[in-house]
Amino acid sequence: MTKPNKTILISFRLTEDDLANLEYLRRRDEPRSMTLRRIIYDAWYEAAKAQDEEAGHPRISDRWNCL
């Protein structure tokens, strides 16, 4: 039995303004795809951190130290 392919592909359609904003946020020698990953990861991190604080978990936990 073969293992199923679990690859998920996501595409973005950017306007010229969105592309200009993305170029502004890009770091030197960073590809656009990495910039998008960094932005998504940062948003996820902030949302998870806020959820932990709202639930009353300690501000610094093993989960954040592992990142």
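Which residues of α2 are buried? In this predicted model, the buried residues of α2 are T35, R38, A48 and D52. Across the whole protein chain of 67 residues, buried residues make up 12%.

The secondary structure of the protein chain consists of 3 helices and 0 strands. Read from the N terminus, the order of elements is α-α-α. Helix α1 covers residues 16-25 and helix α2 covers residues 32-55. Just after α2, G56 adopts a positive phi of about 90°.

The packing of α1 against α2 was examined next. The axes of the two helices come within 10 Å and cross at roughly 85°. Angles of 65 to 115 degrees count as roughly perpendicular, and α1 and α2 are therefore roughly perpendicular to each other. On the α1 side, the contact is made by L19, L22, E23 and L25. The α2 side contributes R32, T35, L36, R38 and I39. Sorted by class, the residues of this contact are 5 nonpolar, 1 polar and 3 charged. Two of the α2 contact residues, T35 and R38, are also among the buried residues of that helix.

The loop between α1 and α2 contains D29. This residue has a positive phi of about 60°, although D29 is not a glycine. Is D29 buried or exposed? The relative accessibility of D29 is 75%, and a residue over 50% is classed as exposed, so D29 counts as exposed.

Aromatic side chains were considered last. A pair of aromatic rings is described by the distance of the centres and the angle of the planes. With ring centres required to lie within 6.5 Å, the count comes to 2 aromatic pairs. Ring pairs join Y41, W44 and Y45 into a cluster. These positions fall within the range of α2, residues 32-55.

Technical notes:
Residues numbered from 1 in each chain as written. Predicted model: local features only at pLDDT ≥ 70, side-chain atom pairs only at ≥ 80, totals over all residues. Heavy atoms only, no water. Axes fitted to C-alpha atoms, helices over the stretch in contact; angles between N-to-C directions. Helix = DSSP H or I, 4+ residues; strand = E, 2+ residues; numbered from the N terminus. Parallel < 35°, antiparallel > 145°, perpendicular 65-115°, else oblique. Contact = heavy atoms within 4.5 Å. Nonpolar A, V, L, I, M, F, W, Y, C, P; charged D, E, K, R; others polar. Buried < 20%, exposed > 50% of the residue type's maximum accessible area, 1.4 Å probe, protein only. Phe/Tyr/Trp six-rings, centres within 6.5 Å; stacked < 30°, edge-to-face > 60°.
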